Amino acid sequence: MHVEIIGVTSFVQGDGGSEALLEYAGRACYRSVPRGNPSKFLKSRISEGHESIIEHTSITFDIRGISRACSHQLVRHRIASYSQESQRYVDMVSPEFVVPPSVAENAQALAVWEKLMSQVTEAYHQLRGYGVWKEDARFVLPNATTTRIIVTMNFRSLRHFFSVRCDKAAQWEIRALALELLRQVHALAPAVFGDLYERFIAEG
């Protein structure tokens, strides 16, 4: 799994920081002016449940190496924008697969897994060799097949995503992804995500 932040909403006034933009938007509700400390203002508003103001900043991630099973969970989250690698147009001649830990840690299970993945890959190659279109040959590929997806969410949607997917009850892969996203966005906007970082990462 690889996660990279490739875009963040910028603020053309002041220092251009995303938290400064959110403070500016939030203070419009109260007809007050920024005081140079967006962190304190944002923490107070979030603790009060006034989260609509943090919708004004969005962040874009380039996520690679997650399984299709994981991406199917991810795209259920709205409001967000998604651009996913297409198995209809990309020739999957050398597919990669995400191996669940419960399989990887069991030698017998792993042997079964590797045999099946080899058969799947060979079946795909044969179908393509017979002239079957990529969009039809992909039907043999399992949910374990890796994918790439560009994701944009506003900060409010991200907070909801983290509250649901960072929880220990979440499926292991989407939880691992959520925790990595949280680590990265916390560095950019600690006032917005600090409470969630403390809850799910700092406190374990």
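These are my notebook entries on a predicted model of one chain.

**Ground rules.** I number residues from 1 along each chain as its sequence is written, and side-chain values use heavy atoms, with hydrogens and water left out. Since I am reading a predicted model, local features need pLDDT of at least 70 and side-chain atom pairs count only at pLDDT 80 or more, while totals for chains, interfaces and linings use all residues.

**Entry 1, the fold.** I looked up the secondary structure and found 9 helices and 4 strands. Both are DSSP runs numbered from the N terminus: helices are H or I with at least four residues, strands are E with at least two. Read from the N terminus, the order is β-α-α-β-α-β-α-α-α-β-α-α-α.

Along its principal axes, the C-alpha trace spans about 70 × 35 × 25 Å.

Of the 204 residues, 41% are buried; buried means under 20% relative accessible area, exposed over 50%, and partly exposed in between (1.4 Å probe, protein chains only). I also checked contacts (heavy atoms within 4.5 Å). Among those between residues at least 6 apart in sequence, 70% join residues at least 24 apart.

Next I followed helix 5, residues 107–129. Its 23 residues reach 33 Å from first C-alpha to last, close to the 33 Å expected at 1.5 Å a residue; the expected span is 1.5 Å times one less than the number of residues. Which residues of helix 5 are buried? I listed W113, M117, V120, T121 and Y124. These buried residues pack against helix 4 (101–104) and helix 6 (134–137).

R78 and I79 are joined by a cis peptide bond, with omega about 10°. I found I79 in the loop between helix 3 (68–74) and strand 3 (80–84). R31 lies in the loop between helix 1 (18–28) and helix 2 (38–47). Is R31 buried or exposed? I put R31 down as exposed because its relative accessibility is 82%.
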